[in-house]
Amino acid sequence: MKEKFDVTPELLKKSFIEVYGNKINGNSGKLADAPIRMFASPARINIIGEHIDYNGGKVFPTAIDKYLYCAIRKRNDTKIVYNDLFFDGSYTFDINDNFKFDPANDYANFLNGIMSCMKKRGCKFDCGFDCLIASNVPSAGGISSSSALECGFAWAVSETFGFNISRKDIALMGQQSEHEFMNVNCGIMDQYIIATGKKDTAELLDCAKIEHEYVPLNLGDYRFIVMNTKKKRRLADSKYNERRAQCEEGLAILKNAAITLKAVGKITNTKDLPDLCSLTPAQFEECKSAIKDDVILRRVRHCVTEMDRVLQAVEALKANNLQKLGRLLYTSHNSLRDDYEVTGLELDTLVDVASKQEGCIGARMTGAGFGGCAIALVHKDKTGQFIQNVQKEYTKVVGYEGGFFACSSGDGVREI
């Protein structure tokens, strides 16, 4: 990987000309000229709603103002050429190729996965193209750099070739590429918020129905700070599967118990429970005695209470009550630490140290856990001091530095 620096659209266009030249490439002569088109794709954070997407819950992400950029221009032949400003290697393919995953193709696999999905959709390419990628999104930083790449590239190709693929379908294509091409069984949240996000809003996203509601994200004098543990995550996949199995066991126990519920909710008897997040906290208190295993009980409790926190967070933002939102971030982290057990020393240290800093009103881990990132809600006048203090204490405890940056909300994929 080459040395990173901040990329602007202007710099990327200049670099595109340096790599590919000022005129259209290829020798067939069908196209007299073709413009260099520029696209931006954001990173994302999940404000609240962790590990409930696969339990029937709703998540609450927002796109942020860290972007991956994609420059693209049609060619006068059938070649496809990929380059990245920061990652070594130029990759050449053909629009007629039957795209397959190959470890030797490195980042090009993410792009070829999208090409494979487009061809399965029946998209017809009348020529090839040159493409240059550059990203200000920290890679492997827990804020979805791979989904930004997939969705940004998919939007660029769709718009350039006039396929007019909808934003929702761009998100679904990104997920399909992960499942079928990259062999990663991911959810839909990352691709969806990146494809459909709007500046100054967050999205209440129902991952099961794939429907969303935009919620105003007016943070006033506060900013989200992303805090990257920089920990290598070795346990995440196996523990993720274990947590899913424990939730499924909890759901089965409650359904088999067939307990009649007095508290108001979507159901009146646990035998009709479609998923854990359909229980309200009051209903959970009525039926929790059916779960004898303490670990399973805690997993279920996290799902029920986290879903409730998501709904409270939406109401807090609609009421411009940032202090309440901050408190919900803390209680979410505590639940992920104590009931779901997916935090660990690094994430707990970040949140604990953040909570003691002047100007911080809330913090929690975000993402799968066991490493990755946490977020903090901090007054804009205190962000520099906050980062300096948390970095110092974090390094003292874990032995190496984390990564920190402040961010605002951003727009979803778009042409510049």
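Let me begin with threonine 383, which is buried, with a relative accessible area of 15%, and since the cut-off for buried is under 20% relative accessible area, that value falls within the buried class. Please keep in mind throughout that this is a predicted model.

As for its setting, threonine 383 belongs to helix H11, which covers residues 383–398. Its side chain reaches the backbone oxygen of lysine 380 at 3.4 Å, and, when residues up to four places away in sequence are not counted, threonine 383 touches Ile225 and Val378.

Now I would like to turn to strand S6, residues 201–206, which is mostly covered, with six of its six residues buried. In a regular strand the side chains alternate between the two faces of the sheet. In S6, Thr201, Glu203 and Leu205 point one way, while Ala202, Leu204 and Asp206 point the other way, and all are buried.

Which strands, then, pair with S6 in the antiparallel sense? One of them is strand S2, residues 58–74, which pairs with S6 in the antiparallel sense over two bridges, and here leucine 205 in S6 is the bridge partner of valine 59. Strand S7, residues 211–216, also pairs with S6 in the antiparallel sense, over six bridges, and in this pairing alanine 202 stands opposite valine 215 of S7.

Finally, a word on the turn: S6 and S7 form a hairpin with four residues between them, and in that turn isoleucine 210 has a positive phi of about 55°.

Note on methods:
Residues are numbered from 1 along each chain as its sequence is written. This is a predicted model: local features need pLDDT of at least 70, side-chain atom pairs count only at pLDDT 80 or more; totals for chains, interfaces and linings use all residues. Side-chain values use heavy atoms; hydrogens and water are left out. Buried means under 20% relative accessible area, exposed over 50%, partly exposed in between (1.4 Å probe, protein chains only). Two strands pair if DSSP finds at least two bridges between them. A polar contact is a pair of N or O atoms within 3.5 Å; within protein, one must be able to donate a hydrogen and the other to accept it, and residues adjacent in sequence count only if both atoms are side-chain atoms. Contact means heavy atoms within 4.5 Å.
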